[in-house]
Amino acid sequence: MLEEVISRSRKRKVSIIAGLFTGLLLVLTFAGNTLQALTLPKVVITSVNKGSLVHSYVGRSTINPEEERELIHPSGWKVDKVLVKKGEMVHKGQVLIQYDGSEVKQQMAVEQSALKKLNLSMELLEYNVIQAMQEEDEALLISASSAFETAKLDIAAQQQQIENLKHTLSVNRQMVAPFDGIVIEIGAMEGLSSTGKPDITMSHLAKGYGLEMYVPSGIATTLSVGDVLDNIMLEGKEEPSITGEIERIEEDMNSLSPDVNEDAEKSSGSMTRLFVKLKGSGLSGGEQVRISIVKTKSSEGILIPNKAIHKDSQGAYVYTIKETQGPLGNAYYAVRTSIQITDSNSHTTSVVGGLFDQQEIIVDSSDLIMDGARVNVYNQN
């Protein structure tokens with residue numbers, strides 16, 4: 001009986017010791033895994049989505065007339081009076097500037113006086129011809145007739161000279177608008193002679209207004225001649241009031257536009273120049289505008305953040321997550337997955353191959369990771 005009690009007691013102690021040993025092993029294993037987990041690279045993951053990539057750009061430009069005309073006074077006469085102001089709308093034929101033609105008037109008075117003298121001399125010359133005919137003096141008649149005909153030619157030339165001066169005075173005494181337009185600049189100054197530079201610069205209303213702007217070439221590939229830009233806003237206005245149509249596209253301009261909004265797509269590569277014809281009322285030229293361009297490509301792909309993409313000699317790739325289940329919890333491993341890039345903007349890239357919708361990829365990590373490395377996973381907020 002005593003031996004039986006002792007045997008039971010020993011078995012109980014063995015069971016207790018075995019249980020304690022097993023528990024200690026579990027605790028040590030868990031602690032080891034926890035310590036190992038603390039040393040693993042920490043990665044941030046996100047789920048990718050399928051969709052179409054959106055290109056956006058915001059730039060600024062200045063409205064300019066489609067056609068400007070510089071009006072220059074050919075004679076260089078002194079300006080008598082400027083009849084218009086900068087920014088004023090004028091109509092075809094309207095007098096813009098009056099000029100002082102006093103010098104031409106003085107010259108014309110001299111020429112008219114000379115004509116009167118010639119007319120007075122004609123009476124004497126005509127008398128000489130008649131006298132020579134009466135005396136039947138052939139030599140005197142020839143001389144008198146020649147002088148008379150010469151005087152007639154001198155009178156005709158003098159009359160033509162006076163007519164030319166009258167025409168010069170009529171044409172140059174004022175500058176008129178060649179078309180309906182707006183006065184952009186006035187170079188003429190009252191009391192001063194024209195210097196050969198434009199006295200008036202006008203915009204042609206019938207030709208309309210336009211602007212030029214630079215956009216990243218990536219966005220330019222989504223645009224075509226004839227496309228309408230419907231988000232053109234005058235500076236200081238809250239609602240778009242102008243639309244424009246792309247008239248011309250000049251590619252491969254290796255320059256950067258300084259007027260790029262922080263939220264717009266930026267490019268360190270080539271820029272493309274756009275020429276846009278505007279439609280809107282009340283324009284006069286010189287207005288500052290803000291142009292927003294948003295274009296979505298029709299083809300769909302997997303959209304991923306740019307910062308998730310890695311590149312090496314084998315091409316572009318991302319790290320996806322592989323999850324394995326174990327007795328002490330799930331383990332996560334980074335898996336290199338090759339991708340093919342089809343398009344990108346400043347923050348997102350569209351890819352095909354290798355990924356599927358809602359798949360989880362690594363977008364950031366605390367340390368350098370390699371293919372197959374075990375990682376600690378944190379979801380992106």
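Which side chain meets K166 in a salt bridge? I looked it up: the partner of K166 is E163, at 3.9 Å from N to O.

**Ground rules**

I'm working on a predicted model, where local features need pLDDT of at least 70, side-chain atom pairs count only at pLDDT 80 or more, and totals for chains, interfaces and linings use all residues. Residues are numbered from 1 along each chain as its sequence is written, and side-chain values use heavy atoms, with hydrogens and water left out.

**Salt bridges**

I went back to K166 and E163 and found both in helix α3 (residues 138–172); they are separated by about one helical turn because they sit three residues apart there. Helices here are DSSP runs of H or I with at least four residues, strands are runs of E with at least two, and the numbering starts from the N terminus. K166 is partly exposed at 40% relative accessibility, and E163 is partly exposed at 43%. My cut-offs: buried is under 20% relative accessible area, exposed is over 50%, and partly exposed is in between, with a 1.4 Å probe and protein chains only.

How many salt bridges does the structure hold? I got 11. One of them joins E185 to K86, with the closest N and O atoms 3.2 Å apart. This pair links distant parts of the chain, 99 residues apart: E185 is in strand β10 (residues 181–186), and K86 is in the loop between β6 (78–82) and β7 (89–90). I noted E185 as partly exposed at 40% relative accessibility, while K86 counts as exposed at 56%.

Then I looked at R273, whose side chain meets that of E212 in a salt bridge at 2.4 Å, N to O. R273 is in strand β15 (residues 271–279) and E212 in strand β12 (residues 209–216), so the pair ties together parts 61 residues apart in sequence. E212 is partly exposed, with a relative accessible area of 38%. I also saw that E212, R248, E250 and R273 are linked in a network of salt bridges.

**Aromatic rings**

I searched the whole structure for aromatic pairs and came back with one. It's Y317 with Y319: the ring centres are 5.6 Å apart and the planes stand at 85°, so I wrote down edge-to-face. The rule is that rings of Phe, Tyr and Trp (its six-membered ring) pair if their centres lie within 6.5 Å; planes under 30 degrees apart are stacked, over 60 edge-to-face, and the rest tilted. Buried or exposed, these two? Y317 is buried at 10% relative accessible area, and Y319 is buried at 6%.

I found Q358 in the loop between β22 (348–352) and β23 (360–365), and it is partly exposed at 45% relative accessible area.

Where is Q380? I placed Q380 in the segment after β24 (374–379). At 36% relative accessibility, Q380 is partly exposed.

My last stop was helix α2 (residues 102–135), where E103 lies. E103 counts as exposed, at 64% relative accessibility.

Notes
Salt bridge = Lys/Arg side-chain N within 4 Å of Asp/Glu carboxyl O.
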